[in-house]
Amino acid sequence: MFFPKYRPRRLRRDEIVRRMVRETSLSANDFMYPLFVVSGSTVRQPVASMPGVFQLSIDELVEEATEVRDLGIPSILLFGIPEAKDEIGSGAYAQDGIVQQAVRELKDKVSDLLVVTDVCMCEYTSHGHCGVIKDGDVDNDATLDLLAQTALSHAEAGADMVAPSDMMDGRVGAIRERLDENGLFHIPIMAYAAKYASSFYGPFRDAARSTPQFGDRRSYQMDPANSKEAIREISLDIEEGADIIMVKPALAYLDVIRLASEEFDAPLAAYNVSGEYSMIKAAAEKGWLDGQRVMMEVLTSIKRAGADIIITYFAKDAVRELEKA
Ligand code: PBG
């Protein structure tokens, strides 16, 4: 059937028809909200390149987490900014590290909120790389033990899920083994499985103070030009025990999200990263874009591409927008 018998505009006439035939819809359940914790008290330090995002001390974090829970967002993704950094990132796996303390407090004060912790070394190392350095590059195998230790310390503090973001080979297996040896076989792993060496992480590195002090992350994060490699990376992580897989960033990688959702049946997360957030905020501030609408369009596109979970700094704004509708 073709025009003039078939007229696709019939099903676009008004909002109620559009609502009836809509293929993709967002809800609070889709989102995971990233948060940054620092030491001190009553600290609510704005991140200059990410309007609306703050570095929070634990007391403020608890308030923020309560608000997230009250909005119906199921989970947060927690990043720590330690007071001191060293060559081996000791703050990442310290019993009384910033994340470990924050998790204890959150699990004590905010019920019904899933606390997922980012497992990586880059915020904790003086050189800003995601592992220990040997001969000018990150030493993969030596890093695995420290990542496993970090994940264990998070889970022991009460984290509900751990999320390794380092892109070392074998880290999901190493973490699974360490958790299981310690009786933490019920803690799921959300693996940053296909994580690209992206320039969209720029604002995050301000927020987390994790810019590499030399070189870049291209010897461990993926080449943006590759998608078959994403399938290999994700397969490996699933083999090693990943419960949830992730593609990161999201917007410039919607094709990879779609591929991954067709290829694998594990729940798929997509990380709508800092740069994707900041560029919309910046354009909106300049009055060049309608920030709210562009936000909803972008989040819808990530879901439409096949993501089950969207990790986004927009989570709270998006839920408020959904509540208006
Ligand atoms: C840590 C990590 C990064 C992000 C999440 N975990 C930064 C990086 O790899 O440099 C980026 C998140 C964002 O840009 O929002 N390795």
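A polar contact is a pair of N or O atoms within 3.5 Å; within protein, one atom must be able to donate a hydrogen and the other to accept it, and residues adjacent in sequence count only if both atoms are side-chain atoms. The model is predicted, so local features need pLDDT of at least 70 and side-chain atom pairs count only at pLDDT 80 or more, while totals for chains, interfaces and linings use all residues. Residues are numbered from 1 along each chain as its sequence is written, and side-chain values use heavy atoms, with hydrogens and water left out.

Figure 1. An N or O atom in the side chain of Tyr313 is 2.6 Å from an oxygen atom of the ligand. For Arg205, a side-chain N or O atom is 2.7 Å from an oxygen atom of the ligand. A nitrogen atom of the ligand lies 3.4 Å from a polar side-chain atom of Lys248. On its own the ligand has 400 Å² of accessible area (Shrake-Rupley method, 1.4 Å probe), and the protein covers 100% of this area.

**Figure 2. The shell around the ligand.** The ligand is surrounded by 18 residues, each with a heavy atom within 4 Å of it. The closest are Lys195, Arg205, Lys248, Ser274 and Tyr313. By class, the shell has 10 nonpolar, 3 polar and 5 charged residues; Asp, Glu, Lys and Arg count as charged, Ala, Val, Leu, Ile, Met, Phe, Trp, Tyr, Cys and Pro as nonpolar, and the others, Gly among them, as polar.

**Figure 3. Cis peptide bonds.** Phe3 and Pro4 are joined by a cis peptide bond with omega of about 5°. Pro4 belongs to the segment before α1 (15-21). Helices (H or I, at least four residues) and strands (E, at least two) are DSSP runs, numbered from the N terminus. A cis bond also runs from Lys248 to Pro249, with omega near -10°. Pro249 is in the loop between β10 (244-248) and α8 (254-263). Lys248 also has the polar side-chain atom that lies 3.4 Å from a ligand nitrogen.

**Figure 4. Thr42 and its loop.** Thr42 is a residue other than glycine with a positive phi, near 50°. The loop that holds Thr42 lies between β1 (31-38) and β2 (44-46). In total, the secondary structure of the protein comes to 11 helices and 12 strands.
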